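Open the model in your viewer and keep the sequence panel beside it. The tour goes from one selection to the next and says what is there at each stop.

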Amino acid sequence: NTNIAAGSKGVLVNGLNLAVTQGNDVQISNAEYTLAGSSGSYVNNAFATLYVDGVAVSTKTINSSTVKFDNLSKVVGKTAVKLELRVDFSDAYASGKFIAKLNNLTIIDTLTSNQITNYSVPTSAEFTVADAKGILSVSDNNPKASLFLAGDKDQRVLAFRVKAEND
């Protein structure tokens, strides 16, 4: 759970490592995520991209409380497959909450062709979208008062510290 700024790009909102611990390899497809937030302020103000092992599979405009990736197709074995949902929030996104939970995933045993329906999905993080803020403060490296001579170059005259919030 964290705060992010409206306009943030590539925010990891849901991630899973999938692996087979016993039995046959499986084929995964049709990832569907349920979205929740403040008054649906994410509708048409956010864009979701599904990544499999770091490679973008598909990008969709979020225009309802679910987003489905039909073109996902990956064989999962003993080596973990990384499934990530990353979201770009537009600058027009109203402040509020945002949650993305994996709701459904088609999992088929590659040897028997049976569908696996008994699996659990971990809880999802809750993001609070707010305006970006910055705090400007004095730095410990601020130079002391000194006399500059004519022709002096590259003299430090000011140092400051910037701390970002919601970003």
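## First stop: a charged trio

Select Glu84 and Arg86: their side chains form a salt bridge, with the closest N and O atoms 3.4 Å apart. The term salt bridge is used here for a side-chain nitrogen of Lys or Arg within 4 Å of a carboxyl oxygen of Asp or Glu. Side chains of opposite charge can pair when their charged atoms come close.

This is a predicted model, in which local features need pLDDT of at least 70 and side-chain atom pairs count only at pLDDT 80 or more, while totals for chains, interfaces and linings use all residues. Residues are numbered from 1 along each chain as its sequence is written, and side-chain values use heavy atoms, with hydrogens and water left out.

Through shared partners, Lys82, Glu84 and Arg86 are joined into one network.

Which of the three is buried? Glu84 is buried, with a relative accessible area of 9%. Buried means under 20% relative accessible area, exposed means over 50%, and partly exposed lies in between (1.4 Å probe, protein chains only). Arg86 is partly exposed at 25%, and Lys82 is partly exposed at 39%.

Select residues 81-89, which are strand 7. Strands (E, at least two residues) and helices (H or I, at least four residues) are DSSP runs, numbered from the N terminus. Strand 2 and strand 7 pair in the antiparallel sense over seven bridges; two strands count as paired if DSSP finds at least two bridges between them. Glu84, from the first stop, is the bridge partner of Gly15.

Which strands make up the open sheet with mixed pairing? Five strands form it, in the order 1-9-8-3-6. Strand 1 (2-5) and strand 6 stand at its edges with a single partner strand each, so one side of each has no neighbour in the sheet. From one strand to the next, the twist averages 30°.

Within this sheet, select strand 3 and strand 6, which run antiparallel and are joined by eight bridges. Thr34 stands opposite Thr66 in strand 6.

Select Val13, Tyr33, Phe89 and Phe98. These have the most contacts inside the largest nonpolar core, which has 34 residues. A nonpolar core is a set of buried Ala, Val, Leu, Ile, Met, Phe, Trp, Tyr and Cys residues joined through side-chain atoms within 4.5 Å. Among the elements that give two or more residues to this core are strand 2, strand 3 (26-37), strand 7 and strand 8.

Centre the view on Val13. Leaving out residues up to four places away in sequence, Val13 touches Leu85, Val87, Phe89, Phe98, Ala100 and Phe127. A contact means heavy atoms within 4.5 Å.

Move to Ser90, in the loop between strand 7 and strand 8 (96-109). Is Ser90 buried or exposed? Ser90 counts as buried, because its relative accessibility is 16%. Apart from neighbours within four places in sequence, Ser90 is in contact with Ala6, Gly7, Lys9 and Asn45.

Then select Lys74 and Asp53, whose side chains meet in a salt bridge (3.6 Å, N to O). Lys74 is in strand 6 and Asp53 in the loop between strand 4 and strand 5, 21 residues apart. Lys74 is partly exposed at 28%, and so is Asp53 at 39%.

## Last stop: the whole chain

Zoom out. The chain has zero helices and 11 strands. Its C-alpha atoms fill a box of roughly 85 × 35 × 25 Å along the principal axes. Buried residues make up 32% of the 167 residues.

Key: Axes are lines fitted to C-alpha atoms, for helices over the stretch in contact, and angles run from 0 to 180 degrees between N-to-C directions.
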